[in-house]
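This report covers selected backbone and packing features of one protein model. The sequence and structure come before the details.

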Amino acid sequence: MEMEQFFKAVERGSSTGQEIRAGLTTFLAMAYIIAVNPSLMVAAGIPANAAVTATCLGGGVMTILMGTFANRPLACASGMGVNAVVAFTLVGVAGGDWHAAMAVIFVEGVAILILVLCGLREAIMDAIPVSLRHGISVGLGLFIAMIGLKDGGIIVASESTLVALNSVTDPTFIVGAISIAATVVLYSMDVKGSLLIGIIIAVIAGIPLGITQMPTGLVAPLDFSSFGAPFMSDATGTMGIVKVFVTPTLLIFAFSLMMSDFFDTMGTAMAVAKQGEFLTEDGNVEDIKEILIVDSAAAAVGGLVGASSITTFVESASGAADGGRTGLTSVVTGILFILASFFAPIITIISSAATCGALVLVGFLMMSEVIEIDWSDLLESFPAFMIIAGVPFTYSISNGIGFGFIAYVLVAAVTGQIRKVKPLMWVATLAFVVYFFIA
């Protein structure tokens, strides 16, 4: 009863069982990060067991905090994209010192947290025109579907056409297709937990096809040696965080990553809020300040423990689409991440192809926002279109949002509607211009 009073599951049209199931769905949709992020962190120079421990515990703790502090079904983990930048670019710029690279992440996380506490991040979200908010939701839907199709081996890279259809006999394609078919069939039959069951079916189907790999062990030892990375010293005795403030290039990286984190979470929150039914008619996300506080703190924690930037995962939308309405969904996901730190070899058997169906279905559900855009009004529609196209085509939430912001100011200026651009939209747009030149 006390748990019900805290999370308000019944009040939001859910139940404890539904929230637990949604939390498991979100975890399975995100489980690939347990294998992928450590592999990138190892490339950056972090010991393998330490990278697994940081990834699981960092994501788990911040996800539980999201659930208890914001009470919304959002999960956190090391963000894809930023972790690759850390491994293959930032460490090199820092002279091979991964402690300094993590210090950059820590600094940008603290900077975003300060902006949130000052109300700036929330105020910028409020300044975004409603049409652009709808565009963000649709763009995120296409992005999520694209991630699903890529992970499911349905589409592949092509030198001649950028993307192409994969061979239908490829085992990954087959598992991805089974994942989509099972999820859609179950969803159309109103089966509770259709997304979760679809993932499980695909995992089983992947066994004879060699996509679902049998675990190499049961238990992995914990290693806390990467914790406190920004305050560790390199061979010269210089702490990572000190190196950041005396190296202009590293400060530029901090600003660039801050912009990416700043707007990626904005888009992700809107996407999950749409599925979790906490997005208002005018496109505002309920409890957004609490969400942004935890997300910003998570970025700093990611740098502190050596897990790269921890951020709100767009795959959270799969759990929300499966019925998650409260923070209990996040608490379940977070607990599973913490348990996974001990049993990582077992969890990593869940292939990304198996989660393809859940992501594609979520992408489909998010497309409904497109009818909310007034396509007869150039100022409302063209900037929204630039976001819709920019997010999946550049494989970046922040890039797509930047395209839309710049387009909105440009169209407003040439159509004599410049007064519609709110001051903070000007600030965000100018920040994006700087971001695109230095990114």
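Asp287 is partly exposed, with a relative accessible area of 30%; buried means under 20% relative accessible area, exposed over 50% and partly exposed in between, with a 1.4 Å probe and protein chains only. The model is predicted, so local features need pLDDT of at least 70 and side-chain atom pairs count only at pLDDT 80 or more, while totals for chains, interfaces and linings use all residues. Residues are numbered from 1 along each chain as its sequence is written, and side-chain values use heavy atoms, with hydrogens and water left out.

**Positive phi values**

Asp287 lies in the loop between H12 and helix H13 (288–305). Helices here are DSSP runs (H or I, at least four residues), numbered from the N terminus. Asp190 sits in the loop between helix H9 (171–188) and helix H10 (194–209), and Asp190 is exposed, at 67% relative accessible area. Most residues other than glycine have a negative phi.

| Residue | Phi |
|---|---|
| Asp190 | near 60° |
| Asp287 | about 60° |
| Gly119 | about 90° |

**Helix H6 and His99**

H6 comprises residues 98–117 and contains His99. Of the 20 residues in H6, 14 are buried.

His99 is buried, with a relative accessible area of 13%. Its side chain makes a polar contact with the side chain of Asp97 at 2.8 Å. A polar contact is a pair of N or O atoms within 3.5 Å; within protein, one must be able to donate a hydrogen and the other to accept it, and residues adjacent in sequence count only if both atoms are side-chain atoms. Leaving out residues up to four places away in sequence, His99 touches Ala229, Pro230, Met232, Ser233 and Gly240, where contact means heavy atoms within 4.5 Å.

**Nonpolar cores**

A nonpolar core is a set of buried Ala, Val, Leu, Ile, Met, Phe, Trp, Tyr and Cys residues joined through side-chain atoms within 4.5 Å. The largest has 94 residues, and Ile34, Leu140, Phe263, Val285 and Phe405 have the most contacts inside it. Helix H12 (residues 248–276) gives the most to this core, with ten residues. A second, separate core of 28 residues includes Ile46, Ala50, Ala101 and Ala300.

Definitions and conventions
Helix = DSSP H or I, 4+ residues; strand = E, 2+ residues; numbered from the N terminus.
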